[in-house]
Amino acid sequence: MPQKIGAEAALARLKGWSVVDGRDAIEKTFEFPDFKAAWAFMSAVADKADAMDHHPEWFNVYNKVDVTLATHDADGVTELDVTLASFMDDAARGR
Ligand SMILES: C[C@H](O)[C@H](O)[C@H]1CNC2=NC(N)=NC(=O)C2=N1
């Protein structure tokens with residue numbers, strides 16, 4: 001079971017992420033040129049998430065993807081969320 005580090009500790013190591021109100025979780029909205037680019041991002045993240053067995057909460061409308069990350073098993077933010085957030089930041093770059 002991963003150790004809870006908390007949203008604030010995670011934010012100190014990430015760019016463009018925020019603490020979710022009333023919950024130990026982090027969130028970010030990714031914006032792309034169009035739906036296909038957003039979907040390609042989601043597809044790349046889906047492969048990574050499955051490999052990690054650590055899955056995002058997300059909501060897509062056209063070119064935007066709202067992402068919330070938390071570790072449900074730990075009831076808060078863990079190292080797994082920082083790893084997945086960093087992967088998302090890299091995957092979004094250049095799409
Ligand atoms: C059984 C399975 O390993 C767990 O349910 C995994 C799946 N994906 C998960 N994803 C997230 N974000 N948090 C979890 O605690 C989690 N647990």
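Q: In this predicted model, how many bridges join strand 3 to strand 4?
A: Strand 3 covers residues 57–61 and runs antiparallel to strand 4. The two strands form a hairpin with 2 residues between them. The number of bridges joining strand 3 to strand 4 is 5.

Q: Which residue in the turn of the hairpin has a positive phi?
A: The hairpin is formed by strand 3 and strand 4, with 2 residues between them. In that turn, a phi of about 50° belongs to Tyr62.

Q: Which residue of strand 4 is the bridge partner of Phe30?
A: Strand 2, residues 26–31, pairs with strand 4 in the antiparallel sense over 6 bridges. Within strand 4, the bridge partner of Phe30 is Val65.

Q: Is Phe59 buried or exposed?
A: Phe59 lies in strand 3 and contributes to a nonpolar surface patch of about 570 Å², together with Phe35, Trp39, Val61 and Tyr62. Helix 2 (35–52) and strand 3 are the elements that give two or more residues to this patch. The cut-off for exposure is over 50% relative accessible area. Because its relative accessibility is 52%, Phe59 counts as exposed.

Q: What is the relative accessibility of Asp73?
A: Asp73 is placed in the loop between strand 4 (64–69) and helix 3 (79–92). On the surface, Asp73 gathers with Asp47, Asp50 and Asp53 in a patch of negative charge. Asp73 counts as exposed because its relative accessibility is 63%.

Terms used. Residues are numbered from 1 along each chain as its sequence is written. This is a predicted model: local features need pLDDT of at least 70, side-chain atom pairs count only at pLDDT 80 or more; totals for chains, interfaces and linings use all residues. Side-chain values use heavy atoms; hydrogens and water are left out. Patches are made of residues with over 30% relative accessible area and no salt bridge: like charges are joined within 9 Å, nonpolar side chains (Val, Leu, Ile, Met, Phe, Trp, Tyr) within 5 Å. Accessible areas come from the Shrake-Rupley method with a 1.4 Å probe; for residues, only the protein chains shown count as cover. A salt bridge is a side-chain nitrogen of Lys or Arg within 4 Å of a carboxyl oxygen of Asp or Glu. Lys and Arg count as positive and Asp and Glu as negative; His and the chain ends are not counted. The place of a charge is taken as NZ of Lys, CZ of Arg, CG of Asp or CD of Glu. Helices (H or I, at least four residues) and strands (E, at least two) are DSSP runs, numbered from the N terminus. Buried means under 20% relative accessible area, exposed over 50%, partly exposed in between (1.4 Å probe, protein chains only). Two strands pair if DSSP finds at least two bridges between them.
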